[in-house]
Amino acid sequence: MAQPPIQLGALKAHVHIHPKKRIVSSAGQFVGGATGRPCLAVVRNSRTSSGTLPTWMTVKPADSRQSPFHELELMDLWDGTGKTRVRQHVNPLRREFQTPTSAPDWGAVFTDLSLPLALDIGSGYGRFLLLLQRNNPQQQVNYLGLEIRRTLVDRANQWVNRLGLQGRVHYVFTNATVSLSALLGSYPGPITDVFIQFPDPHFKRRHHKRRVVQPQLVAALRDLMPPGGRLLLQSDVEETCVAMRNMFERYGADAFVLAPQHSTCPVFYSRPMGQPAAAPEGAATSSMATGSSEAVEGVHDEPATASQPAVQGTAVSAARHAGPTQPVIDYAAAAAGAARHAMTAATAAAAAVRQAEDAARADASTDIDDGDAPELSGGGGGAAADGGRRRGLVQAEAAADGAASASASDGDATTSDDDGDADDSDADADIDSMVSEWAKGGWLVDNPIGTPTEREHYVGQQGLPVYRVLLVRA
């Protein structure tokens with residue numbers, strides 16, 4: 001018997017549950033399976049109820065003809081570079097990434113060492129700096145990309161060589177968070193532009209210390225950048241951009257200030273639940289769905305009398321209403337927000353299950369004698385009196401807490417990319433909820449650099465917002 005379809009926003013998904021080895025959709029396509037275990041496969045239809053393709057299926061690749069990166073002609077340079085397979089998430093706290101990277105031979109990397117340096121921290125696939133150099137051929141700048149995934153660095157440098165940009169653009173394999181001072185302290189010229197764009201958000205609270213923007217990175221940029229230097233922070237995840245902005249405000253407010261663009265260019269604001277968006281008087285604002293977990297996602301109130309400039313590429317058009325304030329609903333942003341909430345809920349549920357399993361396993365493997373300290377073993381524990389078991393569990397928890405605190409730094413350095421961090425403590429645990437003065441400047445609607453990254457290219461095609469903050473070295 002066919003199962004009824006599950007409605008996912010504007011898409012329909014058919015659920016097939018099968019205990020055998022393979023699962024085949026109604027279209028005859030293999031969609032997964034398992035041996036001896038029930039499976040759940042979701043097969044989406046290719047079109048919405050209105051007959052149009054969903055937005056995510058119309059996104060063009062980075063090197064397509066409709067992409068701004070097409071002019072780099074990287075498709076013609078793929079021959080010989082091979083396929084590049086990388087992990088999307090890297091744990092920067094692993095021991096192999098804790099040794100600061102020494103500075104390269106700058107004379108072998110760049111032709112003119114007196115030129116200012118534009119630095120891309122977390123350069124990813126590397127297209128951004130290549131396009132930035134192409135868009136500014138008359139600007140005398142050296143471009144340096146820092147990336148923690150070696151295979152991406154190697155391929156990006158191959159592209160540099162094939163495009164004939166040696167001496168102008170270069171990429172370095174490093175952990176920028178711990179290596180910035182050692183790596184760039186000896187660069188002869190000034191570091192006038194720094195970009196931190198779409199970093200790994202590391203949603204889990206215990207993984208926040210893996211984020212690229214940490215106090216030591218803020219201190220390094222404060223020491224390296226001259227007055228007037230620009231620092232661009234941007235992400236399509238508001239929580240990530242809030243954390244970056246707040247980290248610079250907490251540890252670098254004496255050295256960085258909001259750029260004038262936050263007062264002269266269109267901006268948009270986050271809105272707490274149940275409250276109208278409040279913008280300072282005189283600020284250029286733009287209505288835009290924030291997609292924030294603190295806001296009503298995909299919905300905003302748009303006054304009829306406000307004369308606001310239309311914003312291209314945003315999730316909500318600048319429609320005007322003749323009557324009183326009316327809600328404008330952006331279903332794409334609302335669906336994206338619902339998906340993020342669902343992912344967060346699933347992550348929390350999985351963590352709760354693991355915690356319950358660990359507690360049950362510890363209870364089953366604890367051999368306790370009445371009045372004695374608990375002794376944890378790998379095998380099953382014998383029965384004990386209730387009072388002794390309770391005392392033993394309390395002592396075991398205290399011992400485990402002490403061991404975790406004592407080995408926190410070593411645990412981060414040796415764990416894999418899985419959930420293996422031993423320390424949940426975080427001195428900046430409140431960084432996301434910090435009361436920020438810079439938040440009054442809003443998020444920049446337009447990219448002040450004018451050159452997108454690959455991620456910005458994908459996000460813009462889906463009409464989703466990008467959160468941007470531009471800082472200036474005071």
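Mentor: Two strands pair if DSSP finds at least two bridges between them. Keep that rule in mind for this model, which is predicted.

Trainee: How many bridges join β9 to strand β10, and how do the two strands run?

Mentor: β9 and strand β10 (residues 230–235) are joined by 5 bridges and run parallel. One place to look is Q197, which stands opposite Q234 in β10.

Trainee: Which strand is joined to β9 by another set of bridges?

Mentor: That is strand β6 (residues 117–121), which is parallel to β9 and joined to it by 5 bridges. There, I121 has I196 of β9 as its bridge partner.

Trainee: Is β9 mostly covered or mostly open?

Mentor: A general point on strands comes before the case. In a regular strand the side chains alternate between the two faces of the sheet. Strand β9 (residues 191–197) is mostly covered, with 6 of its 7 residues buried. For the chain as a whole, buried residues make up 41% of the 474 residues.

Trainee: In what order do the strands of the sheet stand?

Mentor: The sheet is open and has 7 strands, in the order β8-β7-β6-β9-β10-β18-β11, with mixed pairing. Its edge strands are β8 (169–173) and β11 (256–258), each of which pairs on one side only. On average, neighbouring strands of this sheet are turned by 20° against each other, direction ignored.

Trainee: What joins strand β7 to β8?

Mentor: Strand β7 (residues 142–147) and β8 run parallel, and 5 bridges join them. Within this pair, G145 stands opposite Y171 in β8.

Trainee: Which strands of the sheet does α6 touch?

Mentor: α6 packs on the sheet and touches β9, β10, β11 and β18 (467–473). The direction of α6 makes about 150° with that of β10.

Trainee: What describes two packed helices?

Mentor: Two packed helices are described by the angle between their axes and the distance between the axes. Here, take helix α5 (residues 215–224) and helix α6 (residues 238–252): their axes come within 9 Å and cross at roughly 65°. This crossing is right-handed.

Trainee: Which residues meet where α5 and α6 are in contact?

Mentor: From α5 come P215, V218, L221 and R222; from α6 come M247, F248, Y251 and G252. By kind, the residues of this contact divide into 6 nonpolar, 1 polar and 1 charged.

Trainee: What do β9, α5 and β10 make together?

Mentor: They make a β-α-β unit, and the unit is right-handed.

Trainee: Where is F198, and what is its phi?

Mentor: F198 sits in the loop between β9 and α5. Its phi is near 50°, a positive value in a residue other than glycine.

Trainee: Why is F198 classed as buried?

Mentor: The cut-off for buried is under 20% relative accessible area. F198 has a relative accessible area of 14%, so F198 is buried.

Trainee: Which loop holds E73?

Mentor: E73 lies in the loop between β5 (39–44) and α1 (106–109). E73 also has a positive phi, near 55°, and is a residue other than glycine.

Trainee: How many helices and strands does the chain have?

Mentor: The secondary structure comes to 11 helices and 18 strands. As for contacts in the chain between residues at least 6 apart in sequence, 73% join residues at least 24 apart.

Terms used: Residues numbered from 1 in each chain as written. Predicted model: local features only at pLDDT ≥ 70, side-chain atom pairs only at ≥ 80, totals over all residues. Heavy atoms only, no water. Axes fitted to C-alpha atoms, helices over the stretch in contact; angles between N-to-C directions. Helix = DSSP H or I, 4+ residues; strand = E, 2+ residues; numbered from the N terminus. Left-handed = near helix turned anticlockwise from the far one by under 90°. Contact = heavy atoms within 4.5 Å. Nonpolar A, V, L, I, M, F, W, Y, C, P; charged D, E, K, R; others polar. Buried < 20%, exposed > 50% of the residue type's maximum accessible area, 1.4 Å probe, protein only. Right-handed = clockwise from strand over helix to strand, strands pointing away.
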